[in-house]
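Please examine the chain shown below together with its sequence. The briefing that follows takes up helix packing, individual residues and model confidence in turn.

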Amino acid sequence: MNKITVSRLRQLTNAIIDEAKRNQEFAQKLEKIFVGDDYTAENNTSNNVSNPIRPANRRDPAVLDPISLIEDGEEVLAARLNTLTDKQLKDIIADYGMDSARLAMKWKDRERLINLIIDVSVRRASKGDAFRK
């Protein structure tokens, strides 16, 4: 981005801030935009950004944090993972981005899923150890 564009963007931002300080109605409109109040729904029905519903193709959030559990040991994490269903294991893999190729979502073997979670958790928990004392 060139210097002229950056300068003009700064001027625009400063003008918006100044107007919001002087004009309470304008400040309330900005607040409703950033907070996600009904302002966007009533003025633009095609773009309702305040809808908190997850899309149907999204997996459920993970039921536990494997990275924090691996600090207690692999056995502790393995024991907790053995109590979960295949779907919950796949939710953990998806939520923590442990399988970028999404191949694990097709796996049927529980041990394979558990081993993937443990392996990735160990690598992530120890990442940067060379710089720690």
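**Lead: the packing of helix 1 and helix 2**

In this predicted model, helix 1 (residues 3–22) packs against helix 2 (residues 24–35) at an angle of about 120°, and their axes are 5 Å apart. Axes here are lines fitted to C-alpha atoms, for helices over the stretch in contact, and angles run from 0 to 180 degrees between N-to-C directions. Helix 1 is therefore oblique to helix 2, given that angles under 35 degrees count as roughly parallel, over 145 as roughly antiparallel, 65 to 115 as roughly perpendicular and the rest as oblique.

**Basis of the model**

- Residues are numbered from 1 along each chain as its sequence is written, and side-chain values use heavy atoms, with hydrogens and water left out.
- As the model is predicted, local features need pLDDT of at least 70 and side-chain atom pairs count only at pLDDT 80 or more, while totals for chains, interfaces and linings use all residues.

**Overall composition**

- The chain has seven helices and zero strands, where helices (H or I, at least four residues) and strands (E, at least two) are DSSP runs numbered from the N terminus.
- Buried residues (under 20% relative accessible area; exposed is over 50%, partly exposed in between, with a 1.4 Å probe and protein chains only) account for 21% of the 133 residues in the chain.
- Of the contacts (heavy atoms within 4.5 Å) between residues at least 6 apart in sequence, 51% join residues at least 24 apart.

**Contact of helix 1 with helix 2**

- Ile16, Glu19, Ala20 and Arg22 in helix 1 meet Gln24, Phe26, Ala27 and Leu30 in helix 2.
- The residues of this contact comprise five nonpolar, one polar and two charged; Ala, Val, Leu, Ile, Met, Phe, Trp, Tyr, Cys and Pro count as nonpolar, Asp, Glu, Lys and Arg as charged, and the others, Gly among them, as polar.

**Contact of helix 5 with helix 7**

- Helix 5 (residues 74–82) packs against helix 7 at an angle of about 140°, with their axes 10 Å apart.
- On the side of helix 5, the residues are Glu74, Leu77, Ala78, Leu81 and Asn82, and they meet Arg110, Glu111, Ile114, Ile117, Ile118, Ser121 and Val122 in helix 7.
- The residues of the contact of helix 5 with helix 7 divide into seven nonpolar, two polar and three charged.

**Individual residues**

- Ser121, in helix 7, is buried because its relative accessible area is 0%.
- Leaving aside residues up to four places away in sequence, Ser121 touches Pro66, Ile67, Ile70, Leu77 and Met98.
- Arg123 also belongs to helix 7 (residues 110–126), and its relative accessibility of 55% is why Arg123 counts as exposed.
- The C-alpha atoms of Arg123 and Ile67 are separated by 9.3 Å, although these residues are 56 residues apart along the chain.
- Arg102 lies in the loop between helix 6 (86–95) and helix 7, and counts as exposed because its relative accessibility is 63%.
- Arg102 is not a glycine, yet has a positive phi of about 60°.

**Confidence**

- The chain averages a pLDDT (the predictor's confidence in each residue, from 0 to 100) of 85, and 86% of the residues score at least 70.
- Over residues 39–48, pLDDT stays under 50, and the model has seven contacts beyond four places in sequence for this stretch.
- Where pLDDT is low, the predicted coordinates should not be read in detail.
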